Amino acid sequence: MSDGHARPQEQPTLTIAQVAARTGLSPDTLRYYERAGLIEGVGRTPGNQRCYAAADLDWLEFLLRLRETGMSISDMQRYARLRAAGDATLGDRLTLLREHQAELDERIRGLLRNAAALGDKIKHYETLLDQQPETDQP
């Protein structure tokens, strides 16, 4: 029976096991992220089990990108605190991300230099092998 008031459409939620399967993070890592302050406000069921919303998954995906690009946990925590503090921290968040981008760009340049040096060494060994006389081994 309707009480005459529009009800907000309930957002589907996921269990910690479902989030672990979708993100590749273990349940222990998800719990650690909460304790470390990287994830906050995860909902709970009446039975006190975690229930993650779509917004939590979006945030986790961004955290994983930061981690994959080499951001330290302490910088991720700083970013999460700034994010939780609201729009007044937009400039600080931008600065943090720009600094991280600059570090990432430098690592990419270093990886490209190393990849080129490795490619040169491979070509050198291929040339040496091509110049070796064929020998029949019994």
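Reader: Buried means under 20% relative accessible area, exposed over 50% and partly exposed in between, using a 1.4 Å probe and protein chains only. With that in hand, which residues of α3 are buried?

Author: They are Asp56, Leu57, Trp59, Leu60, Leu63, Leu64 and Leu66. A caution first: this is a predicted model, where local features need pLDDT of at least 70 and side-chain atom pairs count only at pLDDT 80 or more, while totals for chains, interfaces and linings use all residues. Residues are numbered from 1 along each chain as its sequence is written, and side-chain values use heavy atoms, leaving out hydrogens and water.

Reader: Thanks! What covers those buried residues of α3?

Author: The cover includes α1 (16–23), α2 (27–35), β2 (50–51), α4 and α5 (90–131). Contact here means heavy atoms within 4.5 Å. Helices (H or I, at least four residues) and strands (E, at least two) are DSSP runs, numbered from the N terminus.

Reader: Zooming out, what pattern does the protein chain follow?

Author: Along the sequence it goes α-α-β-β-α-α-α, which gives five helices and two strands. Of its 138 residues, 24% count as buried.

Reader: I like rings. How many aromatic pairs are there?

Author: The whole structure has four. Rings of Phe, Tyr and Trp (its six-membered ring) pair if their centres lie within 6.5 Å; planes under 30 degrees apart are stacked, over 60 edge-to-face and the rest tilted.

Reader: Why is the Trp59 and Tyr79 pair called stacked?

Author: Because their planes are at 15°, with the ring centres 6.0 Å apart. Trp59 sits in helix α3 (residues 54–68) and Tyr79 in helix α4 (residues 73–84), 20 residues apart. Both Trp59 and Tyr79 are buried.

Reader: And what about Phe62 with Tyr79?

Author: That pair is tilted, at 5.7 Å centre to centre and 45° between the planes. Phe62 lies in α3 and Tyr79 in α4, so this pair ties together parts 17 residues apart in sequence. Phe62 is partly exposed, with a relative accessible area of 28%, whereas Tyr79 has 9%. Ring pairs link Trp59, Phe62 and Tyr79 into a cluster.

Reader: Nice! Which residue lies over the face of Trp59?

Author: Arg83 does, at 3.8 Å from the ring centre. A charge sits over a ring if NZ of Lys or CZ of Arg is within 6 Å of the ring centre and within 35 degrees of the ring normal.

Reader: Back to α3: how far does it reach?

Author: With 15 residues, α3 spans 21 Å from first C-alpha to last, close to the 21 Å expected (1.5 Å times one less than the number of residues). Just after α3, Gly70 takes a positive phi of about 90°.
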